[in-house]
Every structure is written in structure tokens, then in C-alpha cells.
Amino acid sequence: MLTLAAAVAWLPGVAALLALRRPGPVAAGEGAWIAGAGFLLGAFGLTLWMRVLSRFGVPFGGTVIALPLVIVSLVALAYAWRRDRFDARAWPARLLQSFQARDLAKWERILWFSLIAWLALRFALLAAEVASRPLYPWDAWTQWATKARVWYELRHIAPFARVAEWYAAGGSVYFDASPEYPATMPLLQVFTCIMLGRWDDVLMNAPWWQMAVALAFAVYGGLRLLGATATAAIISTFLAASLPLANVHVALAGYADLPLAACYAAAAIALMRWSRERGPRNAAVAVVLAIACTQIKNPGWFWAATLVPAAVVVLLPRHGLRVSMIAFAAVAFAIAAVARMKLSFFNYRLDLDFDPPWRDLFQSYFLLGNWNLLWFGVVVAAALAYKDLFSRSLVPMTMAVIGGLLFLFFVFAFTNASAFIADQTTVNRATLHLAPLMVCYMTLAYEAFARRFSSRESPTHAPA
Amino acid sequence: MLALFACALLVLLAIYLVATAPGAWFPRAAAKSLTQRDFSMSKGTGRLFAQPHAGEALLVLSTDETGIAVVSGVTDLRSADYPIVAWRADDLAADADVRMLWRTDVAPAKVNSINLGVAGGGLAPAVVAHDPNWVGRITGVALVIRGPLADPPPRVYGVTFRPGGIPDALREVVGGWFSFERWSGASINTRSGGADVQALPLSTLLVAAAILAAGGWYAWALRRGRAAAWPIALAAVFVAAWMMLDVQWIANLARQVAETREQFGGKDWRARHEAADDAEVFKFIERVRDKLPAPPARVFMLADAAPLRGRGAYYLYPHNVLFDPFGNALPLAASLRAGDYVIVYHRRGVQYNREARRLRFEGGGSVEAEVVMVEPGAAVFRIV
């Protein structure tokens with residue numbers, strides 16, 4: 001039933017991406033992108049459908065949730081097939097061909113298969129852990145699965161509220177540690193339990209593992225579609241999938257940070273594809289994934305906002321960079337002004353007591369075992385590729401990364417969250433939202449540098 | 001390039017070991033240890049505490065009236081043979097004031113002391129080789145923790161007197177990298193990447209070796225006109241270094257999975273909870289649920305310890321539970337209404353007067369209630 005639940009979550013997204021794709025031969029990595037981003041879109045779509053059902057008073061059930069989604073997916077698949085008829089029988093052979101990677105050099109093939117085996121081992125271990133351990137981490141049982149448990153039993157979405165409202169409501173609303181947090185992840189847990197036919201706070205966390213696998217596919221496919229070689233893409237996939245803290249969030253499932261990170265990275269990749277291929281298809285995918293970010297966790301609103309400068313440079317190729325930079329400055333100025341009022345956003349209190357704990361931040365990013373060598377790699381790649389970062393092909397992702405880093409810097413420097421660096425709590429979870437995208441960015445930046453460097457140093461370009 | 005990287009790694013590690021290993025490079029003495037059972041509490045209180053997987057520890061429960069707890073043990077060892085003292089402790093507050101005391105046969109009446117650094121809840125090894133008071137034979141050692149103590153209370157597993165030298169330093173460094181990092185409440189937020197306290201993190205060594213190898217390779221390649229391949233060489237080193245860190249993480253994960261399967265494997269949902277670390281709360285709430293009406297009843301979950309309060313509340317859903325996730329506040333009696341349930345689980349400040357049928361909350365008034373269930377340290381009341 002878990003497989004069926006995953007298939008129901010996966011199918012609508014895959015069908016939507018197939019229906020949206022430009023007719024023509026399958027590009028390198030497109031299958032992986034559709035598989036990965038398809039799950040993220042499909043899972044989000046599934047929860048939207050559950051919200052609709054609840055809104056209209058239809059009790060949750062396996063058939064009532066899954067059947068309409070499957071039917072709509074089949075219609076979308078039929079549309080995709082009609083528009084661009086492909087030979088379904090040829091697909092297995094084509095997939096096998098891609099997997100065998102015969103066009104790679106021998107050393108690259110060895111690396112290719114080694115990394116795939118390594119990834120398979122990792123996901124097998126994570127699957128074993130997530131399928132065995134009852135709900136473990138703190139917020140999972142104080143603010144996420146609390147909702148899932150209530151909605152599973154009631155078969156509809158019941159409101160959660162803060163203490164004062166809880167008292168005032170006289171039993172018509174529920175309470176947990178973060179009643180205002182969005183419903184997406186609890187609804188995925190509810191759906192998994194409905195498909196299982198019982199409340200099971202072990203197996204209901206399977207979507208976290210599925211998200212991690214989907215992210216790996218999306219990273220590989222996305223980078224291939226953005227021009228990375230198969231070797232660079234599989235290495236990046238390995239790097240993104242092996243971020244220790246991301247793995248922890250699968251093994252100890254129940255927090256919304258990894259799903260947010262997956263949707264954010266996929267949204268940025270879709271945005272990059274939009275900048276290169278144009279047309280509304282990739283823009284639509286980026287927008288839906290950005291909306292998904294906002295519906296996974298409240299900080300997702302800010303993360304989605306960091307994609308706006310990237311979109312601006314795509315929409316305004318000539319002046320977008322200047323506009324975005326002015327916007328960054330204006331936002332910084334506005335924050336400085338607002339901070340004087342000591343306002344609170346999503347439980348974070350703004351103030352101007354600028355005192356970021358640099359030492360602890362350095363420890364978190366560079367010395368502890370959360371990120372392997374990610375931040376060393378990002379710094380080196382950005383330094384080596386400094387001439388390429390604002391090139392036409394990279395600038396949208398550069399803007400997203402700048403926006404993301406500024407957001408993190410702002411949160412840690414100007415809000416009470418700076419205390420969470422010193423005690424190593426929220427600092428890494430907030431960083432996790434950006435980390436998979438940083439892996440992609442590092443790869444694309446380094447590839448740009450490598451191309452430039454190699455052409456400069458190549459003997460064919462040497463002066464006579 | 002990868003060979004160069006491996007060489008750089010070995011050379012840097014060797015330099016580090018030679019530069020930092022105290023005492024003779026290859027000492028003859030073997031390490032000596034005291035375990036938690038060799039200690040007594042000379043000040044404050046404590047008890048032995050067996051934990052699944054982590055082993056037995058001395059749990060330091062309270063300090064004396066002057067605010068200190070002292071864990072002491074008797075030794076008989078030659079100070080010159082043991083330049084390093086490593087206490088194994090856990091759950092110490094980050095700002096805890098912790099010192100090691102010792103006596104020697106040279107000045108038996110004198111108590112010597114040294115500050116111990118706290119990192120990640122544990123203690124950094126103390127290098128005592130150059131301490132002028134580390135002389136003669138060491139006849140006793142003690143660990144002094146100045147309160148208030150952390151919650152959960154500190155645990156002391158033992159102390160090891162290390163002979164120093166290169167083999168010991170190598171064992172310490174590599175052992176630190178591959179020290180098992182079991183899941184804990186902090187795991188979702190951060191990973192140490194091996195032992196909590198590491199003098200030489202693996203990532204630091206790998207980066208230093210990568211810089212050395214990349215620089216060396218570039219200089220070599222430049223002279224041979226092969227510098228165009230430098231980006232690939234640098235990427236290869238980076239990926240190799242990443243893989244080495246990942247081997248450490250995968251090994252840790254595999255060990256954790258084995259432990260998890262041992263604890264939960266082959267069990268159904270209920271049995272898994274009954275085997276979990278919070279099994280007592282789960283079983284208690286299961287008994288409570290039998291006494292409650294069909295959901296959703298309004299239920300107040302009270303417990304002094306935040307994890308017990310939160311876990312208890314979680315197991316009570318889909319009842320309409322109220323608990324304090326961030327503090328330990330008691331409800332106001334006036335805010336309760338007939339038909340509400342109050343669950344008290346290891347919570348001070350709540351009294352019940354059986355004759356008057358009044359449930360009283362410290363500082364919050366009282367309300368008429370009946371007892372639904374009573375267990376040692378726990379009770380369930382129904383407001384009438």
C-alpha cells in the first residue's frame with residue numbers, strides 16, 4: 001500500500017510535466033527531471049486536492065482521494081501522448097541505455113556506477129531507518145504529526161489555534177505548538193495512513209524518503225537539462241543526496257525542512273530552465289513549486305520571495321540585474337527601518353542588535369558534520385567562477401542564491417534567531433532549505449569556470 | 001592527482017601528530033581507566049544509571065549546599081607515564097564550570113586542580129604533562145562540577161589516563177572521526193561528525209590536504225603544459241575528500257540502522273512504541289485512554305519535564321489536548337469546565353483533596369474534580 005500511496009502522489013505530477021513538455025525528442029536528463037519534480041508537484045497537488053475535499057465536507061478516504069487524481073492523470077497522459085506520440089515499448093530500452101551510460105569514458109562509467117551504487121546503499125539504509133523508528137524528533141510530535149493524527153481520525157481538516165482561541169472556542173478547535181503551520185506535510189502523513197488503513201506513525205513518514213529520492217532525480221535531471229555533463233550531474237546528485245543533515249531529516253522524518261528544500265531547489269532549477277528555454281511551461285512549474293514552498297512551512301514565503309530577483313533578471317534581461325540590486329538595497333533599508341519597531345514575523349523578533357555569532361556559524365558550516373565540504377566547495381567554486389556568476393546563463397541562479405544567503409544572514413544577524421546559531425539548533429535547519437540548491441549552483445558555477453579555464457590553458461589557444 | 005592528495009593527507013596527519021603528541025613519541029605505558037563503578041560522590045548526590053546502548057553511567061543528580069558536585073576515585077599511577085587525562089562525561093551544560101582535582105604522593109595534603117573544557121556536552125581531554133603539580137604518583141582524582149546542573153543531569157562514564165605519544169594521538173584522532181554518534185534529541189539540528197570533542201576534525205585535514213595537492217598539481221602541470229586539466233583534477237580531489245567524509249557518515253548511519261532494527265525490528269506499531277525510549281509515557285497514556293470517553297474530550301496534559309509533557313500530549317490526540325510546549329504553566333482553575341480531564345504525570349504543584357473533592361493548582365486556584373485513575377507519580381482527574 002505504501003508503493004500505491006507513493007504512486008498516487010507521483011502520478012499527477014509526472015502527468016502534468018509530460019502534458020506541459022515541449023513536443024519532440026526526450027532531452028538528456030528530462031526523464032529524471034520529470035520523475036523527480038513530478039513527485040514534488042504531485043505530492044503537493046495531492047494535498048491541495050485533500051484540502052478541496054475537506055473544504056466541501058467530503059470525508060477523506062482512499063478512493064475519494066486517489067481515484068479522481070488517477071483519472072485526471074490518465075487524461076493528462078493521454079493528452080501528452082496524443083500531442084507527441086511516442087513508442088511506449090521503446091521506453092524501457094531507452095531508460096536502460098541512459099542508465100548504462102555507454103557514451104561515457106571508461107573512468108567516467110566506473111564513477112557513474114560507483115556513485116549510483118553508493119546512492120542506492122544510502123537510500124536503502126535510510127529506508128530501513130525510516131520504516132522502523134517511531135516518530136522521533138521534537139517538533140514532529142509537538143507541531144506536525146499532531147495535526148496528522150487529528151485529521152486522520154476525523155477524516156477532515158480541523159482547525160488548530162493558539163491557547164487563548166482554544167479556550168474561547170470551547171472544544172471546536174485543537175491546539176499544538178505551532179497551530180499556524182501549513183497543512184501540506186501533515187496531509188501527506190494522513191494520506192499515507194489512509195492508504196495503509198491504519199494510524200501508523202512509523203510508516204506515515206515514507207513521503208520524506210520519497211522526497212529525498214525525488215530530489216536526487218530532480219537534481220540530476222535538472223542539471224542535465226541546464227547543460228551539465230552526465231558525470232557532473234551524477235556527482236552533484238551524489239553530493240546533494242549525501243548532505244548529512246538532509247539524510248538525518250529523512251531518517252528522523254517529521255520536520256518540513258527537507259521537503260521545503262526539495263521544492264525550493266526544484267523551483268530554482270525550473271526558473272533556470274525558463275531563463276534558457278523561455279515559454280510559459282517552466283515558468284508555471286517554477287511558480288507552482290514556489291507556491292508549494294509557502295504551503296510546506298511558513299518561512300517558505302521568504303524562500304519563495306528570494307526567487308523573485310531571479311525571475312526579474314529573466315523577465316528583464318537588460319536591466320533586471322540593476323533592478324534586483326536596487327530591490328535588495330531597498331529591502332535592506334526597509335528592514336533596517338522596520339527593525340527599529342521591534343516587530344515579530346512568524347515568531348522571529350526583529351531588532352537591530354547586530355551581533356551574529358560568527359564563530360558558531362563557522363563551526364556549523366565548516367567544521368561540524370552537517371554539510372560535509374559543501375561550504376568550502378561553494379566558496380571555492382564562487383571564487384574561481386567569479387567572472388561567470390553574472391553571465392547570462394548563471395545570473396538567475398546567482399540572484400536566487402544571493403537572495404537566499406541574504407535571507408539567512410538577515411535572520412541570523414538581525415533577529416532573535418541568532419541565539420539558535422550559538423546552540424546549533426535552527427541554524428542548520430534553516431540552512432538546509434538552501435543547501436541542495438547550493439550544490440546545483442556550485443556545480444554550474446564550477447563547470448563554467450572549468451570551461452573557461454580549460455579553453456584558456458588549452459595548448460590550441462596558446463600563443464604561437 | 002588522487003595519489004598526491006593521499007600523500008598530502010598522510011604528510012599533514014604525520015606533522016600534526018608529531019607536533020601535538022605530548023610525552024615520548026612511542027611510550028611503553030598502557031592506558032589506565034577508572035569506570036563509573038570506581039567512583040564515589042564526595043559532594044552532591046548521584047546514582048548509577050544503565051542506559052540502552054550507551055552503557056552504565058554515574059548520573060550526577062544534585063550538588064551540595066555550596067553548589068558543587070564532586071565525583072572522586074582512587075588511583076595509583078606514575079604521573080610521568082600519563083600526560084593526558086580524558087574524562088568521559090555527557091550532558092554537561094555548555095557553560096558549566098568543570099575542574100579536575102588530584103592528589104600526589106609528593107604533597108599528599110595538597111589538592112591540585114585544572115580547568116576542563118566543555119564541548120558538545122562532553123569534556124575535552126586535559127594535557128597535564130606540563131603542569132608543575134602533575135608529579136610523583138597520582139593517588140586520587142576527582143571531577144568537580146559547579147552547579148546548577150543541566151537538565152537532563154550530567155553523566156560520568158569514567159576517566160582514562162593516556163600515555164600520550166604518536167600511537168595514542170593517532171588512535172584519538174581517528175577514533176574521534178569514527179566515534180559513533182547515536183541519535184539524540186539534538187540530531188535533527190546538528191551533527192558533530194564523530195566525537196563531540198575533536199582536536200583535528202576530518203574536514204579540516206581533508207581541506208588542508210586538498211589545497212596542498214591542488215597547488216602542487218597545478219605547479220607540476222603548469223611546467224608540463226597540462227594545466228588545462230587542473231579543474232578536473234581539483235574536482236576529483238574535492239569529490240574524493242567528500243567521499244571520505246561520507247564514508248564516516250555512512251558507517252555511522254549503518255551502525256545506527258543496526259541498533260534501530262535491534263530495538264524495533266519485526267515489531268508492529270504498538271510494540272515499537274513499547275520498545276521506544278519513551279515507552280513508560282506511551283503505556284501510561286494507553287491506560288489513560290481506556291478511562292477517557294470517546295474523542296474528542298478536552299484534556300490538559302501536565303508534566304514537569306517538557307519531553308514527557310509533549311510526548312504525553314501527542315499520544316493523547318485525537319482528544320482535544322492542551323499542553324504547554326514552551327513552559328511548564330499550570331491551567332487556571334477558573335478556565336476548566338465540567339467534563340474536562342486533567343492528566344498529572346510527574347508534576348509538582350498539583351494537589352487533590354479527596355474529602356473536599358477539590359483539585360488545586362499552585363497559584364491557580366482550585367476546582368471540583370473526581371479521581372479517574374491514580375498511579376505512582378501520576379493521576380487523572382475529571383472536572384465536575
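This is a predicted model: local features need pLDDT of at least 70, side-chain atom pairs count only at pLDDT 80 or more; totals for chains, interfaces and linings use all residues.
View 1. Residues are numbered from 1 along each chain as its sequence is written, and chains are lettered from A and ligands numbered from 1 in the order in which they are written. Helices here are DSSP runs of H or I with at least four residues, strands runs of E with at least two, numbered from the N terminus. Helix 12 (residues 257-277) and helix 13 (residues 280-296) of chain A pack at about 160 degrees, axes 8 Å apart (lines fitted to C-alpha atoms over the stretch in contact, with angles from 0 to 180 degrees between N-to-C directions). The two helices of chain A are therefore roughly antiparallel (over 145 degrees).

**View 2. Helix 5 of chain A and its cover.** Helix 5 (residues 106-130) of chain A reaches 36 Å from first C-alpha to last, close to the 36 Å expected (1.5 Å times one less than its number of residues). Its buried residues (20 or more other C-beta atoms within 10 Å of their own, C-beta atoms placed from the backbone) are L115(A), R122(A), L126(A), E129(A) and V130(A). Their cover includes helices 9, 10 and 11 of chain A, plus helix 4 (230-264) of chain B.

**View 3. Where chain B meets chain A.** The contact (C-beta atoms, placed from the backbone, within 7 Å) takes 53 residues from chain B and 58 from chain A. On the chain B side, helix 4 of chain B gives the largest share, 18 residues.

Notes. Angles under 35 degrees count as roughly parallel, over 145 as roughly antiparallel, 65 to 115 as roughly perpendicular and the rest as oblique. A residue is buried if 20 or more other C-beta atoms lie within 10 Å of its own, exposed if 12 or fewer, and partly exposed in between; C-beta atoms are placed from the backbone. Two residues are in contact if their C-beta atoms, placed from the backbone, lie within 7 Å.
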